[in-house]
Amino acid sequence: MQMPDGLPTEIDLTRPSAARVYDYFLGGAHNFEIDRQLAEQIASMTPHLPATMRAGREFLRRAVRVLLDAGVDQFLDIGSGIPTVGNVHEVAQAADPRARVVYVDIDPVAVAHSRELLAGNDLTAVVHADLREPQRILAEARGLLDLDRPVGILLAGVVHFVPDADKPAEILATLRAAAAPGSHLVISHSTFEDQPQEMLDAQRLSARTATEITLRSRAEITDFFGDWTILDPGVVHMPLWRPDSASDVDEHPERFGAFGGVARNDRPVAG
Ligand SMILES: C[S@@+](CC[C@H](N)C(=O)[O-])C[C@H]1O[C@@H](n2cnc3c(N)ncnc32)[C@H](O)[C@@H]1O
């Protein structure tokens with residue numbers, strides 16, 4: 001990849017970035033040799049990780065298609081990372097060229113690359129914000145999205161970065177309250193349920209070094225949907241959520257260690 005022109009100078013392109021390592025695992029082009037070296041090192045230590053990331057992105061794509069079929073044409077994707085190959089705007093705008101997407105991420109590197117990648121796409125916007133400031137995110141999103149119409153709120157692989165002390169349930173309630181009837185909420189979230197002990201041990205180790213992840217139970221993750229109607233097949237291990245074909249689901253759908261689910265706001269339209 002060429003050194004991008006538009007990147008802020010405070011971003012150090014000589015050091016690996018989590019966002020670009022993630023992009024590499026997903027098959028994107030927004031990464032450098034330094035990122036690829038780290039990615040290969042991580043992959044050799046945790047061989048399941050790249051497949052887990054791809055399974056997460058696949059779940060997100062299937063969910064976005066279901067939302068498009070339901071008539072949702074605007075999306076608020078929080079914790080979006082770098083919108084690399086087959087991301088939300090590509091899936092959405094392939095189905096509906098007028099579809100709008102606001103990408104939000106806390107990581108300045110992801111935001112800078114996203115802005116560069118999406119330059120010229122007037123139906124997308126990139127916001128640098130923290131999920132823990134939902135009111136600011138909603139205010140920024142209103143610049144491109146009409147929240148009086150159904151919106152798809154996408155929280156793929158991000159709520160587990162919010163510890164209980166930061167009150168994720170309240171954050172979710174704020175986002176749901178701002179969304180019109182017919183809106184949908186998509187969540188994928190890491191879990192300890194059904195996981196082998198060695199996974200949990202590795203998790204405990206990594207929590208000491210990297211950004212800490214809060215693993216949650218299926219019941220806790222289900223509660224994030226509040227009183228919205230959870231669509232079939234419920235909150236399930238990600239590969240089990242409406243797979244494209246039965247052959248996409250192997251004998252161990254729990255091996256990615258994350259639940260996924262989608263819910264719809266069936267609140268009656270205010271009269
Ligand atoms: C595992 S990646 C998921 C990327 C994408 N949603 C997907 O499913 O492929 C998690 C992303 O969440 C972002 N993130 C972590 N904590 C966040 C927070 N508090 N607010 C916003 N974004 C956050 C990270 O920077 C990263 O880009």
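Residues are numbered from 1 along each chain as its sequence is written. In this predicted model, local features need pLDDT of at least 70, side-chain atom pairs count only at pLDDT 80 or more, totals for chains, interfaces and linings use all residues, and side-chain values use heavy atoms, with hydrogens and water left out.

**Helices H1 and H2**

Begin by selecting residues 18-25, helix H1, together with residues 33-45, helix H2. Helices (H or I, at least four residues) and strands (E, at least two) are DSSP runs numbered from the N terminus. The axes of H1 and H2 come within 9 Å and cross at roughly 70°; axes are lines fitted to C-alpha atoms, for helices over the stretch in contact, and angles run from 0 to 180 degrees between N-to-C directions. H1 and H2 are therefore roughly perpendicular to each other (angles under 35 degrees count as roughly parallel, over 145 as roughly antiparallel, 65 to 115 as roughly perpendicular and the rest as oblique). The crossing of H1 over H2 is right-handed, the near helix being turned clockwise from the far one by less than a right angle.

Next, display the side chains of Arg-20, Val-21, Tyr-24 and Phe-25 of H1, which make the contact with H2 residues including Leu-38, Ala-39 and Ile-42. Contact means heavy atoms within 4.5 Å.

**Helices H3 and H4**

Move to residues 49-69 (H3) and 88-95 (H4), which pack at an angle of about 30° with axes 10 Å apart. That angle makes H3 roughly parallel to H4. H3 passes H4 in a right-handed crossing. On H3, select Leu-60, Arg-61, Val-64, Arg-65 and Leu-68; on H4, their partners in the contact are Val-88, Val-91, Ala-92 and Ala-95. The classes here are 7 nonpolar, no polar and 2 charged.

**Helices H6 and H7**

Select residues 134-141 (H6) and 168-177 (H7), whose axes come within 9 Å and cross at roughly 25°. H6 and H7 are therefore roughly parallel to each other, and their crossing is right-handed. Pro-134, Gln-135 and Leu-138 in H6 meet Ile-171, Thr-174 and Leu-175 in H7. This contact has 4 nonpolar, 2 polar and no charged residues.

**Two backbone features**

Centre on Lys-167, in the loop between strand E4 (152-156) and H7. Lys-167 is not a glycine, yet has a positive phi of about 55°. Then go to Pro-233, in the loop between strand E6 (229-230) and strand E7 (236-237). The peptide bond from Asp-232 to Pro-233 is cis, with omega near 5°. Most residues other than glycine have a negative phi, and most peptide bonds are trans.

**The second largest pocket**

Finally, select Ala-55, Glu-58, Pro-239, Asp-248 and Phe-256, which lie nearest the centre of the second largest pocket among its 15 lining residues. A pocket is an open set of points on a 1 Å grid over the protein atoms alone, where a 1.4 Å probe fits, with protein on both sides within 12 Å along at least five of seven lines; lining residues have an atom within 4 Å of a point. The lining comprises 8 nonpolar, no polar and 7 charged residues.

Methods. Nonpolar A, V, L, I, M, F, W, Y, C, P; charged D, E, K, R; others polar.
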